[in-house]
Amino acid sequence: MTSFNSDFTMTIGGKAVAGASTFPVLNPANEQEIAQAPDCSQEQLDLAVAAARAAFPAWSATPIEKRRAALLAIAGVLAANAEELKRLLTSEQGKIHDDAMFDVMGGAMWCQAGSTLELPVHVIEDTPERRGETRRTPLGVVGAIAPWNYPVLLAMFKVAPGLLAGNTMVLKPSPFTPLTTLKIGELLRGVLPDGVLNVISGGDSLGPWMTSHPGIDKISFTGSSATGKKVMASAASTLKRVTLELGGNDAAIVLPDVDVAAVAEKLFWAAFTNTGQICVATKRMYVHKDVYEPLKEALVAYAKTVKIGDGSEQGTRLGPIQNHQQYARVLDLIADAKAKGYDFLIGGETSTAPGYFVPITIIDNPPEGSRIVQEEQFGPVLPLLKFDDIDDVVRRANDSEYGLGASVWSADIDKALAIGERLQAGTVWINETQYITPLGVFGGHKQSGLGAEGAMEGLMEYTNAQTIYVNKGAPVPA
Ligand code: NAD
């Protein structure tokens, strides 16, 4: 029986590797240390990259059907260990058990559904003289860098297409949430050929070492826009391919014809699921003036029924903020809103008790230019904004450097769709949010990202195009 709460090791070349040193991982619900995680040295990163390079020739030559089977095997391992992984994930991430189970099983589903994608061969020409086709070849070694909000699911966003395309990988979780990913690496030893998927963890230097490493051919990164810019700059020195899934400031637009009682709960969870720490959480909620007052009351009434606490406790619906850095950032946004004199409909209090807890906070119609509207809060603080005119609200929704997701809520689907089509975002939802499937393209517009994950487009980002022309005539005599 694998132990899930001790002995966290990296997986390099299919073997357990202890860190050159270790660093503590805290439970954000009580700030207590859960475990020490391995701190990968530069030499150990070299070993991981070398292991991935050594595994590449055989893995890339493995028939795709076997690579599909490997993804299904990963899905099976996640599912078989979901209960234990869920508990470990809650202890390091803070999310409630249901969300932790979604994270783990979402990862399994991503591998399962992602395994069905095909690598296309495009025939350009097939004449008596010549055949020309474009096919897809793997890139080599992919460095995958994941954030702390959905550590398993967002790692599998990368692992599934990366391995299916025939690449080998070095996966690095966030130093705030390394444990579940390290455990998954351990569980996959012997399931995948040695070196195909290496899992390492470390401090703030490890990401930059990866992005500048000459043995890594591509970086697939999910994290903040600020870090994404550093990743792209660093990757330029070796002309690595990059896929960047970055931050967002999603607007929800609520039209006057909604049934307030029916949508209030959905809108609440659009903003607050996972304590607001979702790239595609609703981060600005624009509500038509005709339904502003009743919706405001319904949101506040519902918020009062939602229990915040330790994610491992029965009945808890929202956990803490994941780490101190993010906690301080959210408190700073609250302090700014208070200093500016904005009205708080609920929340805003801070506590000195252990744990990075922030109460559900809803701010009443702050100015459009305020920090809480313009910046990505990534926490349980929602600005509720009033609008009157559709053109005006579309302009306000689009007036952002971000362009990740957006949603429109209305009883009239055609009307909502017409507004949705005007929004500058990679994903637009009508009367829902956050629905994502491995068969749909997911990516950010503007500074929310570069490239995409999911679907054929996402898979293609793990490949090079190779065009081959065959002249069918006899060779020209010398
Ligand atoms: P972050 O940018 O701080 O860190 C992400 C990862 O990058 C971590 O593994 C971190 O160790 C690593 N890293 C940090 N500095 C690095 C550097 N210079 N070079 C290489 N790697 C480096 O992000 P976070 O705080 O972990 O995650 C929250 C952010 O991620 C939010 O902005 C959120 O919107 C965004 N996010 C985006 C998506 C998406 O799909 N678009 C999904 C989830 C989260």
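I began with the burial of A264 in this predicted model, and I find A264 buried, with a relative accessible area of 5%, which falls under the 20% that I take as the limit for that word. A264 lies in helix α9, which covers residues 260-272. I then looked up what A264 touches, leaving aside its neighbours within four places in sequence, and noted contacts with L295, A298 and L299. For a distance across the model I took the C-alpha atoms of A264 and N81, which are 183 residues apart along the chain and separated by 35 Å.

Next I turned to a helix pair. Helix α3 (residues 82-93) packs with helix α6 (residues 179-187) at an angle of about 150°, and their axes are 8 Å apart. I record α3 as roughly antiparallel to α6, because angles over 145 degrees count as such. On the α3 side I list L85, L88, L89 and E92 as making the contact, and on the α6 side L179, T180, K183, I184 and L187. By class, the residues of this contact of α3 with α6 divide into six nonpolar, one polar and two charged.

Last, I looked up the largest nonpolar core, which has 80 residues, and noted that I74, L78, L163, V170 and I200 touch the most other members. Helix α5 (residues 151-164) gives the most to this core, with 10 residues.

Notes
Residues numbered from 1 in each chain as written. Predicted model: local features only at pLDDT ≥ 70, side-chain atom pairs only at ≥ 80, totals over all residues. Heavy atoms only, no water. Helix = DSSP H or I, 4+ residues; strand = E, 2+ residues; numbered from the N terminus. Buried < 20%, exposed > 50% of the residue type's maximum accessible area, 1.4 Å probe, protein only. Contact = heavy atoms within 4.5 Å. Axes fitted to C-alpha atoms, helices over the stretch in contact; angles between N-to-C directions. Parallel < 35°, antiparallel > 145°, perpendicular 65-115°, else oblique. Nonpolar A, V, L, I, M, F, W, Y, C, P; charged D, E, K, R; others polar. Core = buried A, V, L, I, M, F, W, Y, C linked by side-chain atoms within 4.5 Å.
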